[in-house]
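Please look through the sequence and the model shown here before reading on. The paragraphs below then go through selected parts one after another.

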Amino acid sequence: MPCTVVVCGFFGDTGKGKVNSYLALKDRTAVSVRAGVGPNAGHSVVYEGKTYKMRMLPSAFVYNKCRLFLGPGVLINPEILLQEIQLAKSEERVGVDPQCAIIESKHIEADKAGHLAEKIKTTGSGTGPCNAERALRMVKLAYDIPELERFLADVPLEVNVAISEGKNVLIEGTQGTYLSLYHGTYPYCTSKDVTASAACSDVGVGPTKVSDVIIVFKSYTTRVGAGPLTNELSWEEAQKRGWAEIATVTGRRRRASPFNYELARRAIILNGATQAALTKIDVLFPECKGVKSYEGLSHEASKFIEKVEKEIKLPVTLIGTGPHALEIVDRREEFRRFEPKRFCLS
Ligand code: GTP
Ligand code: IMP
Ligand code: MG
């Protein structure tokens, strides 16, 4: 399947970094292109003994033959991007669209004060004020920045050519469906739409070119910042269950609640998802840590996965069993062969 979009079905932080890095390694992805808002995202990638917290580069960087692009819809903090390019030793394979908008210190300052910081509790990375200036058509673009000149590339063209040549292309969405400016819990949301359609638009790929939309859920729900979270647990209860997480970008506590089937079903519709990934099954069922085959999962874990599939009416084809990029159960092949009989997609 040449063009896959990966998005989150909850409030972000469901493990897209891990899923994207796995897909790149396993499918030998030729081109990965980052969509989404900008450096407000924090993707954790664990590979070859190192943990990376990437905010700008596609998580597919771990596959060293993959070309890494940033679509024109993405906001760039040049300092963070240049650091990550160095860290990933990826100078030769990075391409930045000239129309990416640039986050400046004034945007970061505005994001760390007043309404955005106090009411919305944003990440403070400057993305909201930068998108606001972009809408006013006053923002600086990547082609204005000399340090980025050597990386400039016509990203929509590169990506579409790769698709037309039948190469494996990955579009990496960020944040999560319920942080979308349109479909999320307004005003407690991010500064643009972040569903699969928006991810395609961010990188200049038309909807007819997409073969699969993988929606990522975590085995429980978390959210950082303000806004509603149904059945929210106390921090003490989250700690007791092993669900107490700290945010990658801001270091804040992630609020937690049990898996929310209703939100999952709606997110599948909003994203036109064709398959689901379910991460952190090892947190719910520690005996599943590092398991790589479905048969190796415990009875309780497979019962939970079956319940999720029945409730959301979508096959769970990727199951996360640990933070490492390769700690995953991959049932995509089985799904391709038997899906029409086994699942009744709504
Ligand atoms: P955003 O773009 O910010 O939404 O982030 P993300 O979806 O890439 O997720 P993030 O990396 O912020 O958070 C997920 C956390 O779970 C990270 O610490 C990952 O290393 C970890 N993780 C991902 N999958 C698994 C899994 O299957 N098991 C365990 N134990 N940890 C996992
Ligand atoms: P902003 O995107 O920084 O404007 O923040 C708006 C809201 O989205 C806040 O509640 C943030 O915590 C949340 N948010 C933004 N990006 C992410 C992310 O990548 N993961 C989780 N929450 C995010
Ligand atoms: Mg994150």
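**Strands, ligands and buried residues**

Strand E13 (residues 253-258) and E12 run antiparallel and are joined by two bridges. Here strands (E, at least two residues) and helices (H or I, at least four) are DSSP runs numbered from the N terminus, and two strands count as paired if DSSP finds at least two bridges between them. Within this pair, Glu-245 stands opposite Arg-254 in E13. The strands belong to an open sheet of three, in the order E11-E13-E12, with antiparallel pairing. Strand E11 (220-223) and strand E12 (245-246) are at the edges with a single partner strand each, so one side of each has no neighbour in the sheet. In general, strands of a sheet pair through backbone hydrogen bonds, and the pairing is either parallel or antiparallel.

The model is predicted: local features need pLDDT of at least 70 and side-chain atom pairs pLDDT 80 or more, while totals for chains, interfaces and linings use all residues. Residues are numbered from 1 along each chain as its sequence is written, chains are lettered from A and ligands numbered from 1 in the order in which they are written, and side-chain values use heavy atoms, with hydrogens and water left out.

Another antiparallel pair is formed by E3 and strand E4 (residues 50-54), which five bridges join. Val-46 stands opposite Thr-51 in E4. The hairpin of E3 and E4 has two residues between the strands, and Glu-48 in this hairpin takes a positive phi near 50°.

Which protein donors does the magnesium ion (ligand 3) have? They are Asp-13 (OD) and Gly-42 (O), lying 2.1 to 2.3 Å from the ion. Donors are N, O and S atoms within 2.8 Å of the metal (3.2 Å for Na, K and Ca); water is not among the atoms, so sites may look incomplete. The two residues are 29 apart and link distant parts of the chain: Asp-13 is in the loop between strand E1 (3-8) and helix H1 (16-27), and Gly-42 is in the loop between strand E2 (31-34) and strand E3 (43-47). Asp-13 is partly exposed, with a relative accessible area of 23%, whereas Gly-42 counts as buried at 15%. Buried means under 20% relative accessible area, exposed over 50%, and partly exposed in between (1.4 Å probe, protein chains only).

An oxygen atom of ligand 1 is 3.2 Å from a polar backbone atom of Thr-14, and an oxygen atom of the ligand is 3.3 Å from an N or O atom in the side chain of Thr-248.

Glu-133 lies in helix H5 (residues 127-135) and counts as buried at 13% relative accessibility. Ala-276, in strand E14 (residues 275-279), counts as buried at 1%.

How values were computed:
A polar contact is a pair of N or O atoms within 3.5 Å; within protein, one must be able to donate a hydrogen and the other to accept it, and residues adjacent in sequence count only if both atoms are side-chain atoms.
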